[in-house]
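Please read the following report beside the sequence and the model shown here.

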Amino acid sequence: MDVINFDEHRSIISQYMMELRNVDIQHDMLRFRRNLERIGELMAYEISRTFDYKKIEITTPLASAECEVVADGIVLGTIFRAGIPFHLGFLNTLDKSENAFVSAYRKYKEKENFDVFIEYIASPRLDGKILILVDPMLATGASMELSYRALLTKGTPAKIHIASVIASQTAIDYIKATFPDNKTTIWVGAIDPEINSHSYIVPGLGDAGDLAYGIKD
Ligand SMILES: O=P(O)(O)OC[C@H]1O[C@H](OP(=O)(O)OP(=O)(O)O)[C@H](O)[C@@H]1O
Ligand SMILES: O=c1cc[nH]c(=O)[nH]1
Ligand SMILES: [Mg+2]
């Protein structure tokens, strides 16, 4: 399974990542959401370079012209809440995509012990399409895997791209072990070395959902 780590290729994404992580900047919620969105826009462009394209004939005001358009059906899938601004960035670039939404949340049994629950799913059929699953944080990988399994009830995609802003090494290993090797690619802004006893990524950026939308009760 290919893992494309943007941290290894110098680009403006590194500066957006710095702002997302930085405690002196990340509390600006508008900027935090916009940085997730901007990274989504750029990652979507990179992923679009892997698509197949087909030629179509169109008419300009002066003549006819041959142009290329995306040949495959694309479905952008995301996980509430933190996935929303990242998803919007992908959709800005891949604006003809269909969309799927899943709610996955951590229900804590004790301080450090939780299960991930899926309560809501809204998705088009996925058979034969390219599924791009976007979530800014991949800590254990459990939310991503359970969301994918829930989406499989809507059909079997031909290819899967998993896109994240920060992933732990644990999550990368988990995704590699649980997703189909021959048709999955992982795209990440950075891979951090650790997760702590609360399953937060270290150094990470904190709670992406709270930073984007405020703390929840
Ligand atoms: O890899 P995992 O260990 O499953 O953790 C990652 C999940 O945690 C975050 O969501 P969170 O559960 O904090 O919900 P929120 O977006 O509503 O804050 C994030 O957006 C992922 O969905
Ligand atoms: O580090 C983490 C882990 C899960 N969810 C987050 O928002 N951050
Ligand atoms: Mg959260």
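Predicted model: local features only at pLDDT ≥ 70, side-chain atom pairs only at ≥ 80, totals over all residues.

Helices here (H or I, at least four residues) and strands (E, at least two) are DSSP runs, numbered from the N terminus. The axes of α1 (residues 13–21) and α2 come within 10 Å and cross at roughly 155 degrees, where axes are lines fitted to C-alpha atoms, for helices over the stretch in contact, and angles run from 0 to 180 degrees between N-to-C directions. The two helices α1 and α2 are therefore roughly antiparallel, given that angles under 35 degrees count as roughly parallel, over 145 as roughly antiparallel, 65 to 115 as roughly perpendicular and the rest as oblique.

Helix α2 (residues 29–48) also meets α3 (residues 83–93), their axes coming within 7 Å and crossing at roughly 40 degrees, and so α2 and α3 are oblique to each other; their crossing is right-handed. The axes of α4 and α5 (residues 169–178) come within 9 Å and cross at roughly 25 degrees, which makes α4 roughly parallel to α5, and α4 passes α5 in a right-handed crossing.

## The largest pocket

The largest pocket holds about 650 Å³ of space, a pocket being an open set of points on a 1 Å grid over the protein atoms alone, where a 1.4 Å probe fits, with protein on both sides within 12 Å along at least five of seven lines. Its lining has 28 residues, of which A104, R106, S143, Y200 and D207 are the closest to its centre; a lining residue has an atom within 4 Å of a point.

Two or more lining residues come from each of β4 (74–80), β5 (98–110), β8 (137–138), α4 (142–151) and α6 (208–213), and β5 gives the most, with five residues.

## Confidence and conventions

The chain averages a pLDDT (the predictor's confidence in each residue, from 0 to 100) of 95, and 99% of the residues score at least 70. The predictor also gives the complex an ipTM of 0.96 and a pTM of 0.95.

Residues are numbered from 1 along each chain as its sequence is written, while chains are lettered from A and ligands numbered from 1 in the order in which they are written. Local features need pLDDT of at least 70, side-chain atom pairs count only at pLDDT 80 or more, and totals for chains, interfaces and linings use all residues, while side-chain values use heavy atoms, with hydrogens and water left out.

Definitions and conventions: Points joined across faces, edges and corners; volume = space filled by probe spheres on them. Left-handed = near helix turned anticlockwise from the far one by under 90°.
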